[in-house]
Each structure stands twice: as C-alpha cells, then as structure tokens.
Amino acid sequence: MPDTYEKLLEDTIEIDAPTDKVWSLVTDVPRMAKWSPQVVRSTVKGGVVREGATFTNLNKQGFKRWPTGGKVVRMHAPSATTPGEFAFRIRENHTVWSFHLEPTATGGTRLTERRETPDGISKLSLMLTKVVLGGQDGFTKELRDGIRQTLERIKAEAEGV
C-alpha cells in the first residue's frame, strides 16, 4: 500500500484574549519555536514579517534536524468583526501552513491552525518522510499532535497562564 498523506490537517481552540493580541503572537515567526514542538528556530530575512517575507526554520524530530524555507503568502489582520489570516508556504514540500483568527461573541478569539497541500507534497519530501521520518502515518500523527500543542501553548501565552 502506498504511503499517502492527508491533504488537510487542522485543529481549533477558543482563546480568552482579543484577536489583536493573538494576531501579534501568531505573526511573530521567530517566536514559533516557543510554541511548535517541531520548530527549533525561525529567522526572518530582513527581520520584518509581512506578506512576501521569507524565513528559514530549523525543524526537529528526536535527534534529527533539518532546515526549511518559508514565504508569507497571506497576511490579513483581523478586526473586531472580520476574521484574520496568516499563511506561509514551505519551499521544500509545497505545504501551506496558516492561522485563522475569528473574533468570538465574548471578545475572545477562535484560532484555527491548518496544514494544507493545494499543490500536493513534493516527491522528495514524501520520500524523506517515508525513509527518514518514520512514514506518513506516524509523521501525520506527530503533525496533528504538534498542531494541538502549538494551539494550547499560544492560548496559554495569550491568556497569561
């Protein structure tokens, strides 16, 4: 049976903090290592996060480390009545990661993190995932668990817990 991948991974969390506060966290790319269990370090070229900005990540799985490059492809700040979105595309595997922020009726934020594959995943990444990272099923579980952990850590930071 071929090693297949899921086209969409996503999870959502309710945060008792306004969208502008959550927005300031999710768009702070260098701080992503604080929340994501897979990211060791992120460095934004030129230091300014904006649409079109590029950055490098150092990722990890156990003792394994690998670099990736990202580009911000969507960056629309939320308002009191409209949702916001921050999305970046990973050069090596073609995936798009995003955060969607929606204001809630109570003044909080509904935050959704997604990993989408609108153009599939590169053959090289599929092969490396199979051979080096334990296969798609195991790696997908790690990504799902990582998304949940990232959301929970952002929630804790935004709520001052």
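**Close-up views of helix H4 and its surroundings**

**View 1. Helix H4 and the largest pocket.** With nine residues, H4 gives the most to the lining of the largest pocket. This is a predicted model, in which local features need pLDDT of at least 70 and side-chain atom pairs count only at pLDDT 80 or more, while totals for chains, interfaces and linings use all residues. Residues are numbered from 1 along each chain as its sequence is written, and side-chain values use heavy atoms, with hydrogens and water left out. The pocket holds about 860 Å³ of space. Of its 42 lining residues, Gln 38, Asn 59, Trp 66, Asn 93 and Phe 139 lie nearest the centre. (A pocket is an open set of points on a 1 Å grid where a 1.4 Å probe fits, with protein on both sides within 12 Å along at least five of seven lines; lining residues have an atom within 4 Å of a point.)

**View 2. Along helix H4.** Let's follow the helix itself (a DSSP run of H or I, at least four residues). H4 covers residues 136–159, 24 residues in total, and reaches 34 Å from first C-alpha to last, close to the 34 Å expected at 1.5 Å a residue. Its buried residues (under 20% relative accessible area, 1.4 Å probe, protein chains only) include Phe 139, Leu 143, Ile 147 and Leu 151. After H4 comes Gly 160, with a positive phi near 70°.

View 3. Look for Val 132 in the loop between helix H3 (123–131) and H4.

Notes: Helices (H or I, at least four residues) and strands (E, at least two) are DSSP runs, numbered from the N terminus. The expected span of a helix is 1.5 Å times one less than its number of residues. Buried means under 20% relative accessible area, exposed over 50%, partly exposed in between (1.4 Å probe, protein chains only). Grid points are joined across faces, edges and corners, and a volume is the space filled by probe spheres set on the points.
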